Protein chains: 2
Amino acid sequence: MGSKNSIEVCFTPAIYSLHHNPEAIVVVVDILRATSAICTAFMNGVKHIIPVATKKEAKEYKNRGYMVAAERDGLVLDFADFGNSPYNFTRNKVENKDIVYSTTNGTNAIHLASSCYRVVIGSYLNISSLTQWLVDENRDVVILCAGWKNRFSLEDSLFAGALSQKLIDSGLYETICDSVHCALDIWKVAKNDLNNYILKAAQKSRLAKNGLDDVIDYCHTFDLTNVIPIMEGNLLKPYLVESNNDLNNITCQNHKL
Amino acid sequence: MGSKNSIEVCFTPAIYSLHHNPEAIVVVVDILRATSAICTAFMNGVKHIIPVATKKEAKEYKNRGYMVAAERDGLVLDFADFGNSPYNFTRNKVENKDIVYSTTNGTNAIHLASSCYRVVIGSYLNISSLTQWLVDENRDVVILCAGWKNRFSLEDSLFAGALSQKLIDSGLYETICDSVHCALDIWKVAKNDLNNYILKAAQKSRLAKNGLDDVIDYCHTFDLTNVIPIMEGNLLKPYLVESNNDLNNITCQNHKL
């Protein structure tokens, strides 16, 4: 390896310890739906998100008066204000609020990565701003796929490929990680027909079973926001990335909340 | 899912428990080099192979007079007769012998899978006979990639794609497993230029560091043998699959020992 920054992709939280790099920025990815929902909340002006791993913690925050978004296996927990769909996080509900958030896979991945240099939340909704910020930070990147209960997930791994490709295209990154090569290749297969490709993901069927698969196209929409959620202490806070030409060159699809 | 058999791919032994199916046949894959070496040994007439997970066990067998093949991180253990290169397992060395075998990743994966219906050893060297036998057995299949110290490995996952494609082409298998879809897609990218594709695998660099990468083309050669190694008790035994037309239709490359 030369003097470029490295990229690694971790396909499941079960093996995160093998990819852990204390000097790296970890991008947490749970496309369907946690990290797409978190990016949506910040796009719509949420002040902070407090990710918590357990239902017990979420309940305690609720008892203290916080607004709580919490789900398990796609279903809203009974004490929660709402669940995991990005469509919940509308401006009139979330603007200037603090929200506690707990999900099946995504919030666990955020906590797992917390001992790295910095944790940031990735989704298609902020992919170009995220890339620009990572390039400006100029350090190693680990993309942590939240997966499904420690299984490999196609939609998260595919996003890892999309982001890896953008980082490599910047000229500042290289990789010797087999998972990155794999992610790049599935992205190559999928990218020209993304919305059809993703229909074979197991998570599509899980969501459809509960009538929740109407978010899939939205969660695969590029660059709806310039805000990236960054972890500071136990809070996710918004960071506005100044737009540049690269961002404007991306063809945005027309899904809006 | 309909009435077809299922295929799952497990990308790393670290999450095997999530893919465990007591009714399935598990195909253990460690293309560079353990399962290619084991298939070579049976092609050349070895009687039994006794896979052992630990160095201690391998040493004990050695002390009892067994021939031992054992390596860690690509290097031969000092008490062993030879290491993990398929080139070691020539007919004059192995014919009619019992060999004890212990490797960094492959033998561990074999033991991990032992509570399934049956464990079989897969490599490109026997891929068509293996497919034919699996189709005849007509049950669920889990392809277990040995990986590298619980990391994802490109060469094992690619083989998982090649084997999954053959099983799906038989018409008897289907999948809802995201790892299978991923493996199929990287196989699609790689298959027309396999020997160049695989050069980006991290294991290529690890082998090259020790001057051991001369086996890579050999380990990606199709159908040198009709013998498949099947686990019975604590022994791998050979099973000869009668050749059929499908096997003959495969274009064999010309790598021979």
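The model is predicted: local features need pLDDT of at least 70, side-chain atom pairs count only at pLDDT 80 or more, and totals for chains, interfaces and linings use all residues. Residues are numbered from 1 along each chain as its sequence is written, while chains are lettered from A and ligands numbered from 1 in the order in which they are written.

**Chain A overall**

- Chain A holds 12 helices and 11 strands. These are DSSP runs numbered from the N terminus: helices are H or I of at least four residues, strands E of at least two.
- Its radius of gyration is 17 Å, close to the 18 Å from the globule rule for 257 residues, so chain A is as compact as a globular protein of that length. The radius is taken over C-alpha atoms, and the rule is 2.2 Å times the number of residues to the power 0.38.
- The C-alpha trace of chain A spans about 50 × 35 × 35 Å along its principal axes.
- Of the 257 residues, 53% count as buried. Buried means 20 or more other C-beta atoms within 10 Å of the residue's own, with C-beta atoms placed from the backbone.
- Among contacts in chain A with a separation of 6 or more, 80% join residues 24 or more positions apart. A contact needs C-beta atoms, placed from the backbone, within 7 Å.

**Helices H7 and H8 of chain A**

- The axes of H7 (residues 154–169) and H8 (residues 178–190) come within 7 Å and cross at roughly 95 degrees. Axes are lines fitted to C-alpha atoms over the stretch in contact, and angles run from 0 to 180 degrees between N-to-C directions.
- H7(A) and H8(A) are therefore roughly perpendicular, a label for 65 to 115 degrees.
- Residues of H7(A) including A:Ser157, A:Leu158 and A:Gly161 meet residues of H8(A), among them A:Ala183, A:Ile186 and A:Trp187.
- By class, this contact has 9 nonpolar, 4 polar and no charged residues. Ala, Val, Leu, Ile, Met, Phe, Trp, Tyr, Cys and Pro count as nonpolar; Asp, Glu, Lys and Arg as charged; the others, Gly among them, as polar.

**Contact between chains A and B**

- Each chain gives 24 residues to the contact.
- On the chain A side, H7, H8 and H10 (202–209) each supply at least two residues.
- H8(A) gives the largest share, 8 residues.
- That side divides into 12 nonpolar, 7 polar and 5 charged residues.

**Symmetry**

- A rotation of 180 degrees with 0.0 Å of shift along its axis superposes chain A on chain B, at RMSD 0.0 Å.
- In chain A, the C-alpha nearest the axis belongs to A:Ile186, 3.2 Å from it.
- The same surface serves both copies, as 100% of the contact residues of chain A recur in chain B.

Conventions:
Parallel < 35°, antiparallel > 145°, perpendicular 65-115°, else oblique. Contact = placed C-beta atoms within 7 Å. Buried ≥ 20, exposed ≤ 12 C-beta atoms within 10 Å, placed from the backbone. Least-squares fit on C-alpha atoms with pLDDT ≥ 70 in both.
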